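I set out to record what I looked up in this model, entry by entry.

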Amino acid sequence: MGKIREKFEELRNKGKKAFIPYLTFGFPTLKDFEALLYVLDSAGSDFIEIGFPFSDPIADGPIIQISSQTALDRGVNFLKLFSFFKRVKRNINTPLILMSYYNPIYDMGLDNFFKKAHPLLEGLIIPDLLPEEGEDFLKKAKTYNIDTVFFISPTTQEERFSLIERASSGFIYYISVTGVTGPRKSLPSSILSHLKKVRKKTSSPVCLGFGISNRVQARKFKKYFDGIIVGSVLIKKIIETYHRKNFLKEFKEFVLWLNS
Amino acid sequence: MSKKGYFGEFGGRFIPETLEYPLRELQEAYFKYSQQKDFKDELNFYLREYAGRPTPLYFAKNLSKKLGLRIYLKREDLLHTGAHKINNALGQALLAVRMRKERIIAETGAGQHGVATATVASLFGKKCDIYMGKVDIERQKMNVFRMQLLGAQVLKVEGGSQTLKDACNEALRDWVTNVRNTYYLLGSVVGPHPYPLMVRNFQAVIGREAKQQILKREKKLPDYLLACVGGGSNSLGLFHPFFKDREVRFIGVEARGKGFLSQHACSLIKGRVGILHGSKSYVLQDRFGQIEQAHSVAAGLDYPGVGPEHAFYKKIKRAEYVAVSDKEALLGFKMLSETEGIIPALEPAHALFYLRKLAKLAKKNSIVIVCLSGRGDKDLEIVQKVSS
């Protein structure tokens, strides 16, 4: 069993749900990113999702697009990502899940990528990779013992649930809406009925992501899912408060409030 | 083409989960309807009566004499809306109607595919939104106005390079959001399966006609087929029906832009295998796998990727790919205007210029079919600006 699944077992035994915040690697700057990472590490995160910036993020809305472009303009790349985590990994207790579009990983070469990734990262999310296309990727992930996360969306048909579960050694990422990442004032009520169908066919942890923007939503969905993922709302908060002196403190308070 | 939607090792479906089902639905609809007689009849009707097919295969007498080749122009520029894009737009619109989608979206670079899509949306009474990069909106103003006249909304894309690549990203994001009621009418042989296959099949009418026409005229197959390659739909449309005729050589002309040391759009010649917009093919990317910006004076070629079937043709050496610069394309543009009285679009002007090089390499009087994929009206302003 991978580290992510172990952690879910641990949470389940305690009757707890996972809180999974997201940061874009190198945003707003590499130095601030490091500080934000430590904030999340000390603010009750069960996992931290790290988004690796890509030039063409087709599954992301404007907020994550801006953060990715800013980080890319400052020159982030995989070499920098790996040397960064080599340096800071020992300071962080929370398991890390990398989210990256497939091209940078494919271009690096799967072997090369996994060799560098496996001591530093506990899980991987590839938003433009379907289990059907991921045969080589899944083999390597297994060899290097990195957990994988695949998606179920509102358009996913029941016949693919078990295929997706088999590919997801970490957890299943349930996408709340048809759409790209970004905060939503309200989330569709069909989520819960669709989740029921997912639960019938699967037994792996299922976490909800995309669109969660406030504590009310977070609380509501933590009741039904094994965890929730919050991304854009955090990046938005960073953008809005970055110029302030105590922005790290404000960020921490915001994260604690979201998860309370 | 394998079952999973690959041409050799190229193609596939690299897309967010939300699009898995809509793509499967599209694939099933395409395979089902495109085989049915009423679909074929209706498509043929619109291609003939509305778009103006068959297009002539015109023997370019003056140019042939000048270059010592037997040059035939496949006159896609004479089609309604001014380019080959209408062939695919009509085919996919008939699918959208059968799939009962109420809204059609598309990406566009030069605006030709946007105009073709806006046209068919108007014809079949569908709501239509076209994504177009800010840079392209500025350099193809007339096409923006045409789309608006046809009742479409042109949505400005300001992210990234503000050209075709980013228009594609935005169209995909729209589709992910509105999958249930929206048909994404992709304009080239790129994107996830089944688009590369489907678009090529709708464009193959170019090559099927050309084959009949050349056999009638010359009593034999041509020596060369020549076409520009951006995403690659006009070239594959011409090439594919000749695939098994091994003696016919295919030449795809990519845009060398300002030169290989500066910015260009030669994905096949200079790119590496990677994943862009849902399929595996050659991609212009930096050494860390980020997609690079392409450049071409021809907005329709200004794209850092290329259709997976072209990648396959390159791999198996079925086609040869060459590059022509912005400056050379302008010479090709003038050459055809002055010798034949035909003003080409800047995209096929790349292929036309290459005739001059081919004339030196090929046997005298070789038969060459060039796909004249579009007319030059949209480019007059650019040419005027660059020439002065």
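**Conventions.** I worked from a predicted model, in which local features need pLDDT of at least 70, side-chain atom pairs count only at pLDDT 80 or more, and totals for chains, interfaces and linings use all residues. Residues are numbered from 1 along each chain as its sequence is written, chains are lettered from A and ligands numbered from 1 in the order written, and side-chain values use heavy atoms, without hydrogens and water.

**Barrel, chain A.** I found a closed barrel of eight strands, in the order S1-S2-S3-S4-S5-S6-S7-S8, with parallel pairing. Strands are DSSP runs of E, at least two residues, and helices runs of H or I, at least four, numbered from the N terminus; two strands pair if DSSP finds at least two bridges between them. The twist averages 25° from one strand to the next; axes are lines fitted to C-alpha atoms, for helices over the stretch in contact, and angles run from 0 to 180 degrees between N-to-C directions.

**Helix pair, chain A.** I looked up H2 (residues 30-41) and H12 (residues 247-258), which pack at about 35° with axes 10 Å apart. Contact (heavy atoms within 4.5 Å) involves residues including Leu36(A) of H2(A) and Phe251(A) of H12(A).

**Chain B.** I noted 16 helices and 14 strands. The C-alpha atoms fill a box of roughly 55 × 45 × 40 Å along the principal axes. Of the 388 residues of chain B, 68% count as buried, that is, under 20% relative accessible area with a 1.4 Å probe, protein chains only. Residues 24 or more positions apart account for 74% of the chain B contacts with a separation of 6 or more.

Notes: Buried < 20%, exposed > 50% of the residue type's maximum accessible area, 1.4 Å probe, protein only.
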